[in-house]
Amino acid sequence: MNFSYPRQIRLPDGSVMPFINLDNAASTQPLDIVAQKTAEFLSYYSSVHRGSGYLSELSTRAFEEARQQLFAFVGASPELDTAIFVKNTTEAINKLANRFEWLPDDVVIISEMEHHSNDLPWRKKARVVKARVDISGALDLDDLRVKIREHAANLKLVAITGASNVTGYINDLRAIARLAHTYGAPLLVDAAQLAPHRRIHMMPHDHPEHLDFIAFSGHKMYAPFGCGVLIGPKEFFQTGAPDYCGGGTVRSVTKDSVIWAPPPERDEAGSPNVVGAVAMGIAAAVLSKTGMRQVALHEQRLLEKLLAGLRRIPNLTLYGSAFAGPNRLGVVAFNIQGLHHLSAARALAGEAGISVRNGCFCAHPYVHRLLDLSPEEIAHYSKLAGQGNLAVVPGMVRISIGLYNNENDIEKAIAAIEELEQNPRHYAQ
Ligand code: PLP
């Protein structure tokens, strides 16, 4: 893998610090090639769809091309699907939740490993039932099957993450799609973590393993912040009013009537983030050209090296599986005995210039489960967190690998963690 990204940062005092980004599950840095191509477009962007000038035509073409690049990236159908540009995965999932017509008894089945963004939007609309994870944190497919069967009569949707942002586990989307469709429910895949690291194929609409809806974010796949996408059947978005309305969403407005535009315009209220969409399309094209197999192989090698190094460190607890494998992304959560996760993350940044993440990673119930907290402990820490006392709340440290990381990054991370483990008192704050 030969991708470059900035590896030094200039501090306010003018000094230059090298750094290593191992917090890619939160946000990736733009690849140089993505930044460069996006910068070229920056000089020409204009509003889309509504202008007849050269700039507007050029921007409209680039914006629409981005949709096609994203369709190709996930194997969606340009004829049957629509790609709605939104801010991020969170907005995409909220949009979908807002666009269903809900009945009082409707059920949405999710799993215990979901990010809050694929949990809370459903709680506002329906009864949420969670499929269990097993002792190691992997999705229990048998329990999912039982729950789908049990709630089939009221089942509106199955909404499952493609991969966990805590343990890196990749879910068997084909099996899940088959299960959901057997009982007549559509499937949403939260692909925020999966999309930048594995090939996704939504499959033909009439295939039992078809992924009905998919959501992911640009800033986790080497494009800038502010753009994400919701892809799903045109037919679904063809009816009903959009959740946000205003400019761009209509065909016609009179004093007392509205004719909504067809998808995707109906669901893209206001002037869209054209630059963000173009950058996301560029990033998708770069990833596709690189080959997601190559991306996966590279990250897999680094993950094996990282886990082998961490397994050798005493007093270090790994959460989820301690081993790499084809069904696992380069995401590793751990704790060092005697060192709070916040202190560990700060020490890695301060002493070694290594960016990682700590806390509960917006997946509190899953992290509580992996930490084996009792209901009393959860209630206690939840109360403290509610009072703003976040520093004492249990959590983990998370390393997450991106395609620009290399063996040297992993060796430095292992060495820095070894140092913390040997002198926890020195780094405790
Ligand atoms: N889903 C998963 C699995 C994630 O890891 C994240 C972010 O970390 C999200 C959803 C939310 O993504 P965004 O913050 O881009 O909306």
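Asparagine 273 is partly exposed, with a relative accessible area of 32%; by convention, buried residues fall under 20% relative accessible area, exposed residues over 50%, and partly exposed ones in between (1.4 Å probe, protein chains only). The structure is a predicted model, in which local features need pLDDT of at least 70 and side-chain atom pairs count only at pLDDT 80 or more, while totals for chains, interfaces and linings use all residues. Residues are numbered from 1 along each chain as its sequence is written, and side-chain values use heavy atoms, with hydrogens and water left out.

Asparagine 273 belongs to the loop between strand S12 (257–260) and helix H8 (274–290). Helices (H or I, at least four residues) and strands (E, at least two) are DSSP runs, numbered from the N terminus. When residues up to four places away in sequence are not counted, asparagine 273 touches Phe63, Phe225, Gly226 and Cys227, where contact means heavy atoms within 4.5 Å. Phenylalanine 85 is 188 residues from asparagine 273 in sequence, yet their C-alpha atoms are 8.0 Å apart in space. The loop between S12 and H8 also holds proline 264, and the peptide bond from proline 263 to proline 264 is cis, with omega near 5°.

Of the 14 residues around the ligand, Thr90, Asp190, Gln193, Ser217 and Lys220 come nearest; a residue is near a molecule or strand if one of its heavy atoms lies within 4 Å of it. The shell consists of two nonpolar, 10 polar and two charged residues. In this division, Ala, Val, Leu, Ile, Met, Phe, Trp, Tyr, Cys and Pro count as nonpolar, Asp, Glu, Lys and Arg as charged, and the others, Gly among them, as polar. An N or O atom in the side chain of threonine 90 is 2.5 Å from an oxygen atom of the ligand, and a backbone N or O atom of threonine 89 lies 3.3 Å from a ligand oxygen atom. A nitrogen atom of the ligand is 2.6 Å from an N or O atom in the side chain of aspartate 190. On its own the ligand has 390 Å² of accessible area, of which the protein covers 90%. Accessible areas come from the Shrake-Rupley method with a 1.4 Å probe, and for residues only the protein chains shown count as cover.

In helix H6 (residues 173–182), the buried residues are Leu173, Ile176, Ala177, Leu179 and Ala180. They lie on the same side of H6 because they cover an arc of only 165° around the axis, the arc being that of the directions from the helix axis to the C-beta atoms. An α-helix has 3.6 residues a turn, so residues three or four places apart point the same way. The cover over the buried residues of H6 includes helix H5 (141–150), strand S7 (155–161) and strand S8 (187–190). Glycine 184, which follows H6, has a positive phi, near 80°.

In H5, the buried residues are Asp143, Leu144, Lys147 and Ile148. These cover an arc of only 135° around the axis and are therefore on the same side of H5. The face turned away from this buried side carries the exposed residues Asp142 and Glu150. Strand S5 (107–111), strand S6 (127–131), S7 and H6 are included in what covers the buried residues of H5. At the start of H5, a side-chain oxygen of aspartate 140 reaches to within 3.0 Å of the backbone nitrogen of aspartate 142.

Further features were found in loops. Aspartate 23, in the loop between strand S3 (20–21) and helix H1 (32–42), is buried, with a relative accessible area of 7%. Its side chain makes a polar contact with the side chain of arginine 398 (3.5 Å). Phenylalanine 361, in the loop between strand S16 (357–359) and helix H11 (364–370), has a positive phi of about 55° although it is not a glycine.

Terms used. Polar contact = N/O pair within 3.5 Å; in protein donor to acceptor, adjacent residues only side chain to side chain.
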